[in-house]
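Hi,

Here is the structure I promised to pass on.

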Amino acid sequence: MSKAKVEIPNDYKITDLLHQSTYLVDGELKQWSGDTTEVYSTISSTETYKPTLLGTIPTLGETEAMEALKSAEKAYDKGQGLWPTMKVEDRIACMETFVEQMKTKRDEVVKLLMWEIGKNLPDSEKEFDRTVDYIYDTIEAYKQLDRDSAKFEKHAGVYAHIRRGPLGVILCLGPYNYPLNETFALLIPALIMGNTTIFKPAKIGVLLISPLLEAFQNSFPKGVVNIVYGRGRVLATPIMKSGKVDVLALIGNSKSANALQAQHPKGNRLRMVLGLEAKNPAIVLPDADLDLAVEECISGTLSFNGQRCTALKVLYVHESIVEEFNRRFAYKVDQLKFGNPWENGAKLTPLPEVDKPAYIQELIDDAKDKGASILNKKGGETTENFIFPAVLFPVTKDMRVFKEEQFGPVIPVVSFSDIEEPLDDMAESDYGQQVSLFGKNVTTLSPLIDTLVNLVCRVNLNSSCQRGPDVYPFTGRKDSAVGTLSVTDALRSFSIRTFVASKDNDYNNAILNELLDEKASNFISTDYIL
Ligand code: G3H
């Protein structure tokens, strides 16, 4: 495998370090003069390999964490704050201000996405644009939700005006693989529903939030968005222990989610919106279109080097076609170009986690010790910041790569003779997000689909697994998720139904009519926002 080229286009060169010296609390970008943490990229700017220093972030402590919590609590003010009681159209106006300012920062954010997490240029641009679209779609979905609620119902002589209201203070933690998109897919719906937030950017993929800090500060009332930097454990632990967090919104792994949940003194008060780990399988049936299956399995296993919760992490291929599948698949894997994110056509890029190549190597060694071989020529070749994806076969249940969520470039292939084998494995697995099913014969497919939909939450027919389009429900069973995200589902996840009820009599009806005529209540309204 050839190393990534070090010529860096001028637009993407790191000329100045980014010292993030402020954090956002109570509407103020507070200057930090304490300890800082250096942020490195695993991408080298020199021929002789050396991680590149990108800048620094504040290493905040418990005091600042509690300061951020107080600020979010004050802005929520037990539901009486300006933000949770604001007219829907006014909250929407704040969000529109934010997204307009955010759009002006595209180039800076995209450049940092490439350096910090090694995502290639087209995917980094896609992550930014998809997030902007997500915000606009959320605004439209909220308008629709509001229109649907702009009415009174009457049952058994009781009128009801039902809307969705905010839940309170939300602690929002995102992942490194989609540090913008996945984090904002939590933050934006949480905000628009009237909640106040404390957001700690991911450990890797943190500087890319800096260009947006002022937009957050300018667009929302003070205390509605608080952004803190530092170690998750140091900051999130006291915040959770306070018992003042109403929703834990986290995309990451179940260990962190469980640990944080356990710190809350009143578990019953804590709502959780979690996107967690997965081990999505592909099942390739004997009559599958092999070229299509190979192509989809390549993007499914290796988009962003396999660092996606939705990535295909184990391939089950029927024994009658496994040899041919392996031949074509292994060949295609070796054709993928490795390079730095801005290199034209680079599909495989440096891994942002320093210890990831060694971990993947451990999985390969363990599988080889237990009888698997590497099928592709380049499989397992390493550089300082990458390990070329190895296609491992035959993989068996006793191998670590069969059980662990590799979240990186290594592909286990399992051969099966009876469809019950992958189905049983999926039933036993701790995960239940999605599956890819490759085949054609409807007599075979129908009973399989009927079972698979009860094992996971999305069955992708002849295509790789993915989260999008964002209007579709994104969720999982078992250790893979809590709650459902999509443009509309997220609005529900971050809110609760609450309503005003009144008995149908002249006295109450006159009051309701006056409330509507005066337009004095932000909650009681039958106006349509167009
Ligand atoms: O890491 C998990 C992401 O939700 C995956 O999203 O399927 O669009 O890559 P994606």
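A cavity here is a set of points, on a 1 Å grid over the protein atoms alone, where a 1.4 Å probe fits but cannot get out; lining residues have an atom within 4 Å of a point. Volume means the space filled by probe spheres set on the points, with grid points joined across faces, edges and corners. By that count, the structure holds 4 cavities of 30 Å³ or more.

Please keep in mind that this is a predicted model: local features need pLDDT of at least 70, side-chain atom pairs count only at pLDDT 80 or more, and totals for chains, interfaces and linings use all residues. Residues are numbered from 1 along each chain as its sequence is written, and side-chain values use heavy atoms, with hydrogens and water left out.

The largest cavity has a volume of about 60 Å³. Among the residues that line this cavity are Leu274, Gln433, Phe474 and Ser480. Its lining comprises 5 nonpolar, 6 polar and no charged residues (Ala, Val, Leu, Ile, Met, Phe, Trp, Tyr, Cys and Pro count as nonpolar, Asp, Glu, Lys and Arg as charged, the others, Gly among them, as polar).

Now to the ligand. Phe474 also belongs to the residues around the ligand, which include Arg130, Tyr178 and Cys309 (a heavy atom within 4 Å). This shell divides into 3 nonpolar, 3 polar and 4 charged residues.

Which atoms of arginine 467 lie 2.7 Å from a ligand oxygen? A backbone N or O atom does, a polar contact (N or O atoms within 3.5 Å).

Best wishes

Conventions: Polar contact = N/O pair within 3.5 Å; in protein donor to acceptor, adjacent residues only side chain to side chain. 1 Å grid on protein atoms, 1.4 Å probe; cavity = no way out; pocket = protein on both sides within 12 Å on 5 of 7 lines; lining within 4 Å.
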